[in-house]
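Student: I have a model open on my screen and would like to talk it through with you. Can we start with the overall picture and then go into the packing?

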Amino acid sequence: MAHIDLGNELPGIRGPMAYSPETAKPLNALAEVLLHDDNNTLSRGEREMIGAYVSSLNDCFYCQNVHGSMAQHYFACDMQTIDGIKKDYQSAAISEKLKALLSIAGSVQKGGKNVTAEQIKTARALGATDKEIHDTVLIAAAFCMFNRYVDGLGTWARPDRQLYVERAVWRADEGYADIDLYK
């Protein structure tokens, strides 16, 4: 049960968003631009992986499974692969550039001032553009906010991870803007 009466039984971020549609709209618009927009040189899978990774560091079950499922969908892999990336991205079979960006995202999760000039230099040397570094920092910062929104209100999450995997196909098509929270 959520810490406040949300007036609905929706899981995760959907409950607070239905409770406060005036704040849901800009939050969903931000998620759309950061994660779903095609005008980005990072793939949707890479961006979702950054969100899932930060959510795992924040121990937000709902967000790491929603966005981990999205990354799994885009990467055409299984959830065990995504779990492996979240647990030890340095040993994962992902690009060196994504590893460098996940390093930056992990530093942002601890606090923005934890990002180092060396991390930025490494990411650039591995092919990351300034826009990709910018977007990584913004995705990580936004997910810290989203995770705290979900967990700070004590929302609940469906424990069956397969449900998140099944919804990922639909969410990949629909995106995040103008979400019907009751679907």
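Student: Among contacts in the protein chain between residues at least 6 apart in sequence, what percentage join residues at least 24 apart?

Tutor: Bearing in mind that this is a predicted model, 70% of the contacts between residues at least 6 apart in sequence join residues that are at least 24 apart.

Student: And how many helices and strands does the protein chain have?

Tutor: The protein chain has 9 helices and 0 strands, and from the N terminus on its elements run α-α-α-α-α-α-α-α-α. The radius of gyration is 16 Å, close to the 16 Å that the globule rule gives for 183 residues, so the chain is as compact as a globular protein of that length.

Student: What box do the C-alpha atoms fill, then?

Tutor: Taken along the principal axes, the C-alpha atoms of the protein chain fill a box of roughly 50 × 35 × 30 Å. As for burial, 53% of the 183 residues in the chain are buried.

Student: Okay, on to packing. At what angle do helix 6 and helix 8 pack?

Tutor: Helix 6, residues 96-110, packs against helix 8, residues 130-152, at an angle of about 45 degrees, and their axes are 9 Å apart. The two helices are therefore oblique to each other, and helix 6 passes helix 8 in a right-handed crossing. On the helix 6 side the contact is made by Lys 97, Leu 101, Ile 104, Ala 105, Val 108 and Gln 109, while helix 8 brings Glu 132, Ile 133, Thr 136, Val 137, Ala 140, Ala 141, Cys 144 and Arg 148.

Student: How do the residues of that contact divide into nonpolar, polar and charged?

Tutor: The contact of helix 6 with helix 8 has 9 nonpolar, 2 polar and 3 charged residues.

Student: Let me pick one of them. Is Val 108 buried or exposed?

Tutor: Val 108, which is found in helix 6, counts as buried because its relative accessibility is 9%, and the cut-off for buried is under 20%. Leaving aside its neighbours within four places in sequence, Val 108 is in contact with Val 115, Val 137, Ala 140 and Ala 141. Val 108 and Val 137 are 29 residues apart in sequence, yet 6.5 Å apart in space, C-alpha to C-alpha.

Student: Which way does helix 2 pass helix 8?

Tutor: Helix 2 passes helix 8 in a left-handed crossing; the axes of helix 2, residues 21-36, and helix 8 come within 11 Å and cross at roughly 145 degrees. Here Thr 23, Leu 27, Leu 30, Leu 34 and Leu 35 in helix 2 meet Leu 138, Ile 139, Ala 142, Phe 143, Met 145, Phe 146 and Tyr 149 in helix 8. By class, this contact has 11 nonpolar residues, 1 polar residue and no charged residues.

Student: Changing topic, which residues in helix 3 meet helix 5?

Tutor: Met 49, Ala 52, Tyr 53 and Ser 56 in helix 3 meet Ile 82, Ile 85 and Lys 86 in helix 5, a contact with 5 nonpolar, 1 polar and 1 charged residues. Helix 3, residues 44-57, and helix 5, residues 79-87, pack at an angle of about 60 degrees with their axes 9 Å apart, and the crossing is right-handed.

Student: Last one: is Asp 173 buried or exposed?

Tutor: Asp 173, which lies in helix 9, residues 161-174, is exposed, with a relative accessible area of 61%. Asp 173 and Asp 59 are 114 residues apart in sequence and 27 Å apart in space, C-alpha to C-alpha.

Technical notes:
Residues are numbered from 1 along each chain as its sequence is written. This is a predicted model: local features need pLDDT of at least 70, side-chain atom pairs count only at pLDDT 80 or more; totals for chains, interfaces and linings use all residues. Side-chain values use heavy atoms; hydrogens and water are left out. Axes are lines fitted to C-alpha atoms, for helices over the stretch in contact, and angles run from 0 to 180 degrees between N-to-C directions. Helices (H or I, at least four residues) and strands (E, at least two) are DSSP runs, numbered from the N terminus. Angles under 35 degrees count as roughly parallel, over 145 as roughly antiparallel, 65 to 115 as roughly perpendicular and the rest as oblique. A crossing is left-handed if the near helix is turned anticlockwise from the far one by less than a right angle, and right-handed if clockwise. Contact means heavy atoms within 4.5 Å. Ala, Val, Leu, Ile, Met, Phe, Trp, Tyr, Cys and Pro count as nonpolar, Asp, Glu, Lys and Arg as charged, and the others, Gly among them, as polar. Buried means under 20% relative accessible area, exposed over 50%, partly exposed in between (1.4 Å probe, protein chains only). The radius of gyration is taken over C-alpha atoms; the globule rule is 2.2 Å times the number of residues to the power 0.38.
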